[in-house]
Amino acid sequence: MPRVREGRVELEVPELEQFRAGTGDYVPSRARVFYNPHMELSRDIGVAVAQVMVEELGELRVCDPLAGVGVRGLRYAAEVDGVVSVLVNDKSEEAHGFIQRNVEINRLAMRVEVERRDANALMFERRGQFSWVELDPFGSPAPFLDAACAALSGKGVLALTATDTAPLCGAHPRACVRRYGARPLRTEYCHELGVRILVGYAQRVAGKHGLALEPVLVHATRHYFRVYLKGTRRKAAADEVVRSQGYVSHCFACGRRRAVRGLVPVLERRCECGAELAHAGPLWLGRLVDRELAVRVAEEIVRREFRRGKEEIKLLRKLVEEADGPPTFFTVNEVAKRIGRTPPSPRRVVERLRREGFFAARTHFSGEGFRTDAPWERVVAACGGEGEL
Ligand SMILES: C[S@@+](CC[C@H](N)C(=O)[O-])C[C@H]1O[C@@H](n2cnc3c(N)ncnc32)[C@H](O)[C@@H]1O
Ligand SMILES: [Zn+2]
């Protein structure tokens, strides 16, 4: 079996070429046990977030119930000071074999326990025992959320990966309604809406367990969303979280949009321009990224000299920049198309809006995007459309 190095661990992995598509991407369904080298960036950031969270939580007891070859759980055990135990589990017999060998190769048996169980049964059985629960499934984490919330202790982190971006972004809206009880919308900022739908759903599930979940860092990269939610088991805090859920009403005719808080708010039917509005939600309308935490995560990445560190830092810089902005963003292409202009550079639009005293930032969600609290008329003007409205 081939071996790879990732971070500070060495791993036995399945023959990668077996499940490589013509595009160069690795397709999980082609392999019986899955290891995707393209997810290294996501795992590096996970290690850095965990290290920063140790400062806040004191120590971490990790549960990696959908582990594949065990890479995430083993990296937390080997690379994060303050991780005192890791439970690494996968129901597949073959994956279980890889995990056991990888624990031996890295001499981690003292801190790592290996199981071969159904993830939900295991997490319910070990309720309240973990301060970091990692859900890295094929597709949607929704089927595992209830058990993951039960498994979290009083204070902890729920780390989610979702690769079902097509439903969450509105390409398959019915699947999104089924899985997340929320309507997506295929707008230029649909990836952000998808992340907000995922966060909102996780929060509503957590509420049943008296658990308040607040996002501290999220990113949409390649074909997946990654979300880190900090949990506190306090009913008042859980009520507070639900108050920041709501809807985004979008006008496909003119591009205006507005965020409306509340689970049962009155949603306007028509936009100022007279066209009918479309609505996405319920979803989380609060902060997606804790700016201070993102700065510390970036410092941790620099300190560790990860081999994809440059790319990771670039992403973290954007997250820091956009952290304090409002929900939803514009793209220069979309605005320019509406006013019949050539798209300006997003950097110049951001500079101009800042000079005018507005919040403005680039967004990691889209290279053409910019986030601002400026009103629609100023957005149009900043994109070269003076006198258009
Ligand atoms: C996307 S892979 C995990 C990838 C891994 N975390 C990594 O970074 O390489 C999802 C894994 O979940 C396992 N799995 C799926 N359903 C499960 C269940 N109900 N209980 C336990 N394991 C399950 C699969 O066998 C698969 O290995
Ligand atoms: Zn309109």
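Domain bounds here come from an automatic or database domain assignment. In this predicted model, the assignment for the protein chain gives two entries: domain 1 covers 3-284, and domain 2 covers 329-389. Taken over C-alpha atoms, the centres of domain 1 and domain 2 are separated by 31 Å.

The two domains touch. Eight residues of domain 1 are in contact with eight residues of domain 2. On the domain 1 side, the elements that give two or more residues are helix H8 (190-208) and strand S8 (212-221).

Helix H10 (residues 291-304) packs against two helices, H11 and H1. Two packed helices are described by the angle between their axes and the distance between the axes.

The axes of H10 and H11 come within 9 Å. They cross at roughly 165 degrees. Angles over 145 degrees count as roughly antiparallel, so H10 is roughly antiparallel to H11. The crossing of H10 past H11 is left-handed. H10 contributes Arg291, Ala294, Val295, Val297, Ala298, Ile301 and Val302 to the contact. H11 contributes Gly309, Glu312, Ile313, Leu316, Leu319 and Val320. By class, the H10-H11 contact holds 10 nonpolar residues, one polar residue and two charged residues.

The second pairing is with helix H1 (residues 40-57). H1 and H10 pack at an angle of about 115 degrees, and their axes are 9 Å apart. This crossing is right-handed. From H1, the contact draws on Asp44, Ile45, Ala48, Val49, Gln51 and Val52. From H10, it draws on Leu293, Arg296, Val297, Glu300, Ile301 and Arg304. Seven residues of the H1-H10 contact are nonpolar, one is polar and four are charged. Val297 and Ile301 of H10 take part in the contact with H11 and also in the contact with H1.

The model also contains ligand 1, with 20 residues around it. Among these residues, Leu66, Gly68, Lys91, Ala119 and Asp136 come nearest to the ligand. By class, the shell around ligand 1 comprises 12 nonpolar, three polar and five charged residues.

Terms used:
Residues numbered from 1 in each chain as written. Chains lettered and ligands numbered in written order. Predicted model: local features only at pLDDT ≥ 70, side-chain atom pairs only at ≥ 80, totals over all residues. Axes fitted to C-alpha atoms, helices over the stretch in contact; angles between N-to-C directions. Helix = DSSP H or I, 4+ residues; strand = E, 2+ residues; numbered from the N terminus. Parallel < 35°, antiparallel > 145°, perpendicular 65-115°, else oblique. Left-handed = near helix turned anticlockwise from the far one by under 90°. Contact = placed C-beta atoms within 7 Å. Nonpolar A, V, L, I, M, F, W, Y, C, P; charged D, E, K, R; others polar. Near = placed C-beta within 6 Å.
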